[in-house]
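Dear colleague,

Please find below the structure that I am handing over to you.

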Amino acid sequence: MAKQKFTAYTLFAALIAAIGGLLFGYNTSAISGAILFLTKDFNLSTVAQEVIISVILIGALIGACFGGILTDRIGRKPTLLLTAIIFLIGVFIVMTADHVTNLIVGRLILGLAIGIVSLAVPLYISEMSDPKHRGALVSLNQLAITIGILLAYVVDYFYAPTGEWRSMFGIALIPAVLLFIGLFFIPETPSYLASKGKKDKALKILRKIEINTSKSEVVVEKGPSKKMCSWKKLFEKSMRPALIAGIGISVFQQITGINIVIYYAPRIFQLAGIESAASAILATMGVGTINFLMTIVALWLIDMVGRKPLLIVGLIGMILSLGVLGIGFLETTKATSVISIVSLMTYVSFFAISLGPIAWLIISEIYPMGIRGRAMGIAIFANWVCNYIISLTFLTLVDILGKSGTFWLYAFIGLFGLWFVIKKIPETKGKELKEIQKYFKKKAAKN
Ligand code: BGC
């Protein structure tokens, strides 16, 4: 594409799309406070509880697969519109559920929407952004995810005394409606339009986000030719380094354990010696707040110092914090409780300035037009599979390895993550998307 500029219009489009991120964060986290009351009202067995909690992740990994194909076929904006509708249906089914089956089906549908949106939002914003501000703009998605998580903790806390789980879920209707309406005021991305040969339409939008563009400057980002199947292109040798980079960063975002903290925080605080449930929930809100605040710091730094330095510092911080967390769990005294709580908070802070926003950003930057959606779909599918495995195995790992051993295991995995980032992830700060893709092609040719 011709050079894009940062305008209020771009920011507006990014903010509307980022409501999808808020729905992602909210709907994955609201269950933590609601499950207690659901268990009482529906007389749930442990297995039923586990299914209700985890089915959303199954939906998300299915959604990630479809999201890639949808965004490439029907476009970025129609996909987002469809997702807003799926969110509305999912929330409605869950909040009005009078049977366990409805709850499960509703959460599966919500998961589908989350999977699609986790792909469509970074993709949409990345294509709307200028290179200089792309890092911060795409990371608005991660900021919105953290706002969604924090909001879910606060809403759960607010409704806990009355046990109104329907309201805990139902609040999500508000952002879903806002996303649906907002989408009528933002355009399809110019790159997508141009790649489909709609140069006039692309030009109209480019004129709003650029200065002095002429039709001849609307360069079409080339996808695979019609004769070539997109899937075949995706698995060509020339795509391998980018595919590995995207899948790897996505996987390490999850297997370094972030969602153990996000999903099990009250439990971890109780393991660390905070006895009252109310204090544990309050400390959990502290986690949500730190996660949100440090993501703002990331937004500020990401286009200034670059992606790679933040990833390296973040991963080192996460590894050290996990190491100390493990030490804190060796015995339970007042002092070790404090150590555990502080190191948990520093772990979340380092995640929030690194793997949190940057994993989504990198995968939205490195793939060529035409197969971008599908390629992101594979990386994001891997993200949700790992999320599922890590969330499901945490309590069993604590039984087998002990509390300290479990956190040291995540620290050890973090070391591999650090090696991977240093070796496989290039700096993408300030570069045009085309330049980044050229880098990966050259790398493939060398191998
Ligand atoms: C991750 C989520 C995580 C969240 C925490 C996101 O980037 O993909 O799995 O719950 O960050 O802020």
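**Pocket, cavity, salt bridges and surface**

Helix α3 gives the most to the lining of the largest pocket, with 7 residues. Please keep in mind that the model is a predicted one.

The largest pocket has a volume of about 1,100 Å³. Its lining is made up of 34 residues, and Ser-32, Ile-35, Ile-53, Tyr-263 and Tyr-264 are those nearest the centre. Two or more lining residues come from each of α1 (8-29), α2 (31-42), α3 (46-73), α6 (134-159), α13 (258-271), α14 (277-302) and α18. Sorted by class, the lining of the largest pocket has 19 nonpolar, 11 polar and 4 charged residues.

The search of the whole structure also found 1 cavity of 30 Å³ or more. The space in the largest cavity is about 190 Å³. Of the 20 residues that line the largest cavity, Phe-24, Ile-145, Ile-149, Gln-254 and Asn-259 lie nearest its centre. At least two residues of this lining are supplied by each of α1, α6, α12 (240-255), α13, α17 (355-365) and α18. The lining of the largest cavity holds 9 nonpolar and 11 polar residues, but no charged ones.

Turning to the charged side chains, the count comes to 8 salt bridges. One of them joins Arg-372 and Glu-127, with a distance of 2.5 Å from N to O. Arg-372 belongs to helix α18 and Glu-127 to helix α5 (residues 100-128), so this pair ties together parts that are 245 residues apart in sequence. Arg-372 counts as buried because its relative accessibility is 0%, and Glu-127 is buried as well, at 1%.

A further salt bridge links Arg-307 to Asp-303, whose closest N and O atoms are 3.0 Å apart. Arg-307 is buried at 0% relative accessibility, and Asp-303 is buried at 18%. Salt bridges with shared partners also join Asp-72, Arg-76, Glu-127, Arg-372 and Arg-374 into one network.

In the salt bridge between Lys-233 and Glu-236, the closest N and O atoms are 3.8 Å apart. Here Lys-233 is buried, with a relative accessible area of 14%, whereas Glu-236 is partly exposed, with 28%.

Finally, the surface carries a nonpolar patch formed by Ile-400, Leu-401, Leu-409, Phe-412, Leu-415 and Phe-416, which together have about 590 Å² of accessible area. Ile-400 is located in helix α18 (residues 372-424). Ile-400 counts as exposed because its relative accessibility is 64%, and the cut-off for exposed is over 50%.

Yours sincerely

How values were computed: Residues are numbered from 1 along each chain as its sequence is written. This is a predicted model: local features need pLDDT of at least 70, side-chain atom pairs count only at pLDDT 80 or more; totals for chains, interfaces and linings use all residues. Side-chain values use heavy atoms; hydrogens and water are left out. Patches are made of residues with over 30% relative accessible area and no salt bridge: like charges are joined within 9 Å, nonpolar side chains (Val, Leu, Ile, Met, Phe, Trp, Tyr) within 5 Å. Accessible areas come from the Shrake-Rupley method with a 1.4 Å probe; for residues, only the protein chains shown count as cover. A salt bridge is a side-chain nitrogen of Lys or Arg within 4 Å of a carboxyl oxygen of Asp or Glu. Helices (H or I, at least four residues) and strands (E, at least two) are DSSP runs, numbered from the N terminus. Buried means under 20% relative accessible area, exposed over 50%, partly exposed in between (1.4 Å probe, protein chains only). On a 1 Å grid over the protein atoms alone, a cavity is a set of points where a 1.4 Å probe fits but cannot get out, and a pocket is an open set with protein on both sides within 12 Å along at least five of seven lines; lining residues have an atom within 4 Å of a point. Grid points are joined across faces, edges and corners, and a volume is the space filled by probe spheres set on the points. Ala, Val, Leu, Ile, Met, Phe, Trp, Tyr, Cys and Pro count as nonpolar, Asp, Glu, Lys and Arg as charged, and the others, Gly among them, as polar.
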